[in-house]
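I opened this notebook to record what I looked up in the structure shown below.

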Amino acid sequence: MKHFPIFLAMEGQKLVLSGGGDAALAKLRLLLKTEARIEVFTADPAPEIVTWAGEDRLDLTARALQPGDVAGAVLFYAADEDAREDARTSAIARAEGALVNIVDNLADSQFITPAIVDRDPVTVAIGTEGAAPVLARAIKRDLEERLPVTLGALTRIGKRFRRAAEGLPFGRKRRDFWADYYFTTGPRALAEDGPQGAEEALNTLLDTHLNAAPRAGHVALVGAGPGDPELLTLKARRALDEADVIIHDRLIAPEILELARREATLIDVGKEGFGPSTDQTRIAALMIRHARTGAQIVRLKSGDPAIYGRLDEELTALDAAGVGWSIIPGLTAASAAAASIGQSLTQRGRNSSLRILTGHDTKGFAEQDWAALARPGTAAAIYMAKRGARFLQGRLLMHGASPQTPVTIVENASRADQTVLQSCLATLAADLDRAEMSGPAILLYGLAPRAALAEIPQVPEAAHGP
Ligand code: SAH
């Protein structure tokens, strides 16, 4: 971060601007929103500046800036749109102790003005360190659309209520009250009955929340999808937004955890595939302990929680403890892997069913109905199969599967570091050894990448990238 965003207290502060043309006008329109004392120096002021001076909104001195003019100012804008004049005025300002911004001169500026979304007292500042003004404008437009214009009014009313709301215990209860006000009750009351109505609604709402029974703890078992944060469901996102405690597996991408509330407690119960069962006991105990404090808990699992997610064990433990739960499904690794190779998981005339298997389970390499799997046209998504690949290969060949059966391994499906290894049953184990994959990988048995369909059978080789 080359520029650190801060919000500067401007009330009663002196702010100086040199210039009287378009650049000066653009900056002044923004600066006039603040409570600073604005002094403008220019021999040639635009008519608007003269008007603003007449309305006492700023002080205008109709001459070029001189030494001494910036004394005591916190900020200075050089807006003469003339490199030499800007250099002269900014040297004065710097000597007199103000932070300097030179319009359209990032390199010599000590601070830059962000794009601003103004819902005073809510202000959003958007900066790209000068790298992409177009992007800043697009983000601003997006936010302008998203944030209701009444947000400022709601916030001002809410601010007067902060004291009264302290009657609610800090944390979840107080947060629920404010969330209800800002996102549900407040906007409705403001639209229907104006500011007075919104204020009254706040009173009633506070009473309701003060008298409400304490919320029971709850566990949402949430599928985080294969890794790409954009593949989270809207429900999963909302659950992450609201969680007090997030208990997650090792496979959850950091970008997804980033979406949690800042105040949420994150607990990594990192276990890979089928971990020892004592882990399960510990995880259940953790969930139950937090739920008893009334916490909203997200138990975040990679992919879909109902696929190799040890969901039932956790549900049984929660039921036994009388803790309420819900399940939010997620996108499973097989779906992401199939998408990455342009394949569908079922196809008319090829495979009307898809098997979901695991390469190994708590007891070691998993036994399957090998004869059925060996039949031509069978397709399977095999989870946790890297270690068991040689075993799988041996069993399938022994049961008569064609050595040319396509097998595609997708590592880190949907993530930036996704790799695709195209192989076939005959060379599967050797290909995997050579590829030295370290990320989570899923094996698509009977499926080849779409582009390669016409060439099968062929000598497999590692293909990297999506
Ligand atoms: N519930 C998860 C599976 C958990 S078991 C789901 O529905 O996807 C863990 C196994 O899932 C890993 O060993 C790997 O086989 C697979 N897996 C999970 N995320 C993956 C990803 N991004 N890419 C490839 N395989 C993945």
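What share of contacts between residues at least 6 apart in sequence join residues at least 24 apart? I found 64% in the chain, with contact meaning heavy atoms within 4.5 Å.

I note that this is a predicted model, in which local features need pLDDT of at least 70 and side-chain atom pairs count only at pLDDT 80 or more, while totals for chains, interfaces and linings use all residues. Residues are numbered from 1 along each chain as its sequence is written, and side-chain values use heavy atoms, with hydrogens and water left out.

Overall form. I listed 15 helices and 20 strands, taken as DSSP runs (helices H or I, at least four residues; strands E, at least two) numbered from the N terminus. The radius of gyration is 31 Å, well over the 23 Å that the globule rule gives for 466 residues, so the chain is more spread out than a compact globule. That radius is taken over C-alpha atoms, and the rule is 2.2 Å times the number of residues to the power 0.38. Along its principal axes the C-alpha trace spans about 95 × 60 × 40 Å.

Cores. I looked up the largest nonpolar core and found 22 residues; such a core is a set of buried Ala, Val, Leu, Ile, Met, Phe, Trp, Tyr and Cys residues joined through side-chain atoms within 4.5 Å. Buried means under 20% relative accessible area (1.4 Å probe, protein chains only). Helix H14 (389-398) is one of the elements that each supply at least two residues of this core, and H14 gives the largest share, four residues. Leu396 is among the residues with the most contacts inside the core; among the residues that Leu396 touches are Trp370, Leu425 and Tyr445.

Conventions. Buried means under 20% relative accessible area, exposed over 50%, partly exposed in between (1.4 Å probe, protein chains only). Lists of a residue's contacts leave out its neighbours within four places in sequence.
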